[in-house]
Amino acid sequence: MSGQDRISASVAVKEGQAVCAACGHDLGPATKPWKDHAQRREIPLAQAGGQAYDTGHEGVLLRHFYCPGCAALLDTETAMAGDPALDDILAERG
Ligand SMILES: [Zn+2]
């Protein structure tokens with residue numbers, strides 16, 4: 001796509017906005033964390049993929065961030081329950 005810089009396999013910057021690379025859904029200004037504009041799903045890490053992912057600690061989550069427009073999986077991260085999302089700024093702050 002022209003006029004769009006791919007930042008990852010799933011998120012791009014177009015005209016200063018973070019967008020879903022698959023459908024172009026607006027994920028907010030590129031200078032702000034785009035994850036606030038995504039659909040979030042959290043599951044205990046121990047349920048993510050079997051025993052290999054069981055840390056033995058309660059409250060460790062696997063977060064999925066989905067595009068609200070096309071439901072593409074945009075990113076994942078592990079976090080403790082209640083922690084803010086990892087700041088994922090795609091452009092220099094203005
Ligand atoms: Zn999308």
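In what order do four strands form an open sheet here? The order is β1-β2-β3-β4, and the pairing is antiparallel. I'll come back to that sheet in a minute.

First, some ground rules. What we're looking at is a predicted model, where local features need pLDDT of at least 70 and side-chain atom pairs count only at pLDDT 80 or more, while totals for chains, interfaces and linings use all residues. Residues are numbered from 1 along each chain as its sequence is written.

OK, the overview. The protein chain has zero helices and seven strands, so to speak in DSSP terms: helices are H or I runs of at least four residues, strands are E runs of at least two, and both are numbered from the N terminus. Reading along the sequence you get β-β-β-β-β-β-β. The C-alpha trace spans about 45 × 25 × 20 Å along its principal axes. Out of 94 residues, 20% count as buried. Buried here is 20 or more other C-beta atoms within 10 Å of a residue's own, exposed is 12 or fewer, and partly exposed is in between, with C-beta atoms placed from the backbone.

Contacts next. Two residues are in contact if their C-beta atoms, placed from the backbone, lie within 7 Å. Among contacts between residues at least 6 apart in sequence, 40% join residues at least 24 apart.

Back to that sheet of four, β1-β2-β3-β4. Its edge strands are β1 and β4 (26-29), each pairing on one side only. The twist averages 30 degrees from one strand to the next; for that, axes are lines fitted to C-alpha atoms, for helices over the stretch in contact, and angles run from 0 to 180 degrees between N-to-C directions. Pairing, by the way, takes at least two DSSP bridges between two strands.

Walk through it with me. Strand β1 (residues 4-6) runs antiparallel to β2 (residues 11-14), joined by three bridges, and the two make a hairpin with four residues between them. Arg6 has Ala12 as its bridge partner in β2. Then β2 pairs antiparallel with β3 (residues 17-20) over four bridges. There, Ala12 stands opposite Val19, and Val11 stands opposite Cys20. This second hairpin has two residues between its strands, and Glu15 in the turn has a positive phi of about 50 degrees.

Now the other sheet, an open one of three strands in the order β5-β6-β7, again antiparallel. Strands β5 (39-44) and β7 stand at the edges with a single partner strand each, so one side of each is left without a neighbour in the sheet. Here the twist averages 25 degrees from one strand to the next. β5 and β6 (residues 60-66) share six bridges, and Arg41 has His64 as its bridge partner in β6.

Over in β7 (residues 73-80) sits Ala79. Buried or exposed, or in between? Ala79 is partly exposed, because 16 other C-beta atoms lie within 10 Å. Setting aside residues up to four places away in sequence, Ala79 touches Leu61 and Arg63.

Last stop, the core. A nonpolar core is a set of buried Ala, Val, Leu, Ile, Met, Phe, Trp, Tyr and Cys residues joined through C-beta atoms within 7 Å. The largest one has 14 residues, and Val11, Ala18, Cys20, Leu27, Ala38 and Leu74 touch the most other members. β2 and β3 are the elements giving two or more residues to this core. Beyond its neighbours within four places, Ala38 contacts residues including Leu27, Phe65 and Leu74.
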